[in-house]
Amino acid sequence: MKRDAIIPGITLIIAIILLSIFPDRQEAVITTSWDFFIEMILILPAVMILMGLFSVFVPKEMVVKYLGKAAGIKAVFLGILMGSLPTGPLYVAFPMASALLKKGAKISCIIAFLSAWACIKIPQEMVELQFLGPRFMAARLVLTIIFVVIMGILIERLIEWSDKKQTNLRR
Amino acid sequence: MNTTAILNIFAFGCLIFAFIKDRTKTKQALTVALKSFFHILPTVLIIIIFIGLLLGFVPQSQISEVVGEQAGFRGVLIVALLGAFLHIPSLISFPLAASLLKSGASVTSVAVFITTLTMIGVVTLPLEIKELGKKMALLRNGISFVIAIIIGIVMGVIL
């Protein structure tokens with residue numbers, strides 16, 4: 001808690017010093033910060049509530065169970081779908097991905113899941129919509145899904161290929 | 001109707017629906033929400049002050065020189081690396097991206113920045129290697145870097 005206050009405190013002090021040296025910039029800086037603050041504070045509680053609801057109603061075990069037995073190209077899309085539902089930073093998803101690996105889930109599915117978790121989560125997309133507009137958000141969403149599918153399949157092939165080469169060498 | 005209103009109505013609707021379905025779980029969800037709100041608040045404040053200083057002090061011509069249209073591929077590469085190394089919550093990357101876009105950054109660099117920031121974590125790479133193995137972790141981060149740049153370039157062309 002203490003550490004949480006130090007860095008914002010330092011940032012604030014730097015800002016105050018800068019603004020007292022350059023008083024002509026005060027208005028621009030304060031207006032900009034204030035506008036962004038208002039925009040943020042109007043959506044943040046809603047985003048947090050959605051994230052809280054997802055985390056309680058869609059437990060991790062359920063996600064792992066569903067993805068563990070998915071197969072084929074359907075697994076990749078299911079991975080993207082499941083990845084976009086829950087929430088939290090990406091490193092929370094690594095243990096889940098590890099559990100999926102042990103369960104024998106498809107690598108393409110795990111990659112799709114991790115990538116969707118990283119950059120197209122639903123609450124996150126809403127913040128993107130708010131700040132960058134519908135065209136930007138929609139274009140990035142569609143492109144990301146396309147490339148994540150390609151990446152998932154590519155990594156799966158690469159890992160299978162290198163595993164095969166290793167077993168051949170051992171023979 | 002604007003995005004803020006839609007988002008708030010949607011969240012409120014979900015909350016009511018959840019409350020009808022399961023009261024205890026909904027209360028639990030609200031506790032999680034409150035905790036994460038206060039957890040993210042300091043970072044939000046830092047980024048907001050940073051955005052104010054950035055737009056107030058750095059002239060637009062300078063921003064667009066580094067990450068704008070004329071910066072070319074070198075600019076895109078710089079943003080991509082910056083996104084890969086920085087470790088800030090993805091939610092907060094959007095106001096930052098919006099402020100850069102407003103002050104002369106190109107659509108390509110902003111899209112690349114968001115994508116590498118969210119998909120690639122140099123800071124969390126050791127953890128990822130531990131959980132998923134070297135091969136998979138390095139392939140995922142490496143290929144994500146390439147597709148981030150491709151996504152950015154395509155977005156620059158279509159938007």
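## Charges and surface of chain A

In chain A, the mean positions of the 18 positive and 11 negative charges lie 17 Å apart. Here Lys and Arg count as positive and Asp and Glu as negative, while His and the chain ends are not counted; each charge is placed at NZ of Lys, CZ of Arg, CG of Asp or CD of Glu. Before going further, please note that this is a predicted model, in which local features need pLDDT of at least 70 and side-chain atom pairs count only at pLDDT 80 or more, whereas totals for chains, interfaces and linings use all residues. Residues are numbered from 1 along each chain as its sequence is written, chains are lettered from A and ligands numbered from 1 in the order in which they are written, and side-chain values use heavy atoms, with hydrogens and water left out.

Chain A exposes about 8,800 Å², and carbon and sulfur atoms supply 70% of that area. Accessible areas come from the Shrake-Rupley method with a 1.4 Å probe, and for residues only the protein chains shown count as cover. Of the 171 residues in chain A, 49% count as buried; buried means under 20% relative accessible area, exposed means over 50%, and partly exposed is in between (1.4 Å probe, protein chains only).

## Fold and dimensions of chain A

Chain A has seven helices and zero strands. Helices (H or I, at least four residues) and strands (E, at least two) are DSSP runs, numbered from the N terminus. Read along the sequence, the pattern of chain A is α-α-α-α-α-α-α. The radius of gyration of chain A is 22 Å, well over the 16 Å that the globule rule gives for 171 residues, so chain A is more spread out than a compact globule. That radius is taken over C-alpha atoms, and the globule rule is 2.2 Å times the number of residues to the power 0.38.

Along the principal axes, the C-alpha atoms of chain A fill a box of roughly 75 × 35 × 35 Å. Among contacts in chain A with a separation of 6 or more, 73% are accounted for by residues 24 or more positions apart; a contact means heavy atoms within 4.5 Å.

## Fold and dimensions of chain B

Chain B contains eight helices and zero strands, running α-α-α-α-α-α-α-α from the N terminus on. Its radius of gyration is 19 Å, well over the 15 Å that the globule rule gives for 159 residues, so chain B is more spread out than a compact globule. The C-alpha trace of chain B spans about 55 × 45 × 30 Å along its principal axes.

Buried residues make up 49% of the 159 residues in chain B. For contacts in chain B between residues at least 6 apart in sequence, 73% join residues at least 24 apart. The accessible surface of chain B comes to about 7,700 Å², with 72% belonging to carbon and sulfur atoms. As for charge, chain B carries 11 positive and 5 negative side chains, and the centres of the two sets lie 11 Å apart.

## Where the chains meet

The contact between the chains takes 72 residues from chain A and 69 residues from chain B. About 6,300 Å² is buried between chain A and chain B, and carbon and sulfur atoms give 84% of it. Buried area is the accessible area (1.4 Å probe) that two parts lose on being put together, summed over both. On the chain A side, Phe36(A), Met48(A) and Phe94(A) lose the most area to chain B, together 10% of what that side buries.

Leaving aside neighbours within four places in sequence, Leu55(B) is in contact with Thr32(A), Phe36(A), Ser99(B) and Ser103(B). Leu55(B) and Leu100(B), 45 residues apart in sequence, are 8.3 Å apart in space, C-alpha to C-alpha.

Ser108(A) belongs to helix α6 (residues 107-119) of chain A and is buried at 2% relative accessibility. Not counting residues up to four places away in sequence, Ser108(A) touches Val76(A), Gly152(A), Ile153(A) and Glu156(A). In chain B, Ser106(B) lies in the loop between α5 (90-102) and α6 (107-119) and is buried, with a relative accessible area of 5%. With residues up to four places away again not counted, Ser106(B) touches Val67(B), Gly68(B), Glu69(B) and Leu101(B).

Phe17(B), in helix α1 (residues 3-21) of chain B, is exposed, with a relative accessible area of 56%. The C-alpha atoms of Phe17(B) and Asn141(B), 124 residues apart along the chain, are separated by 38 Å.
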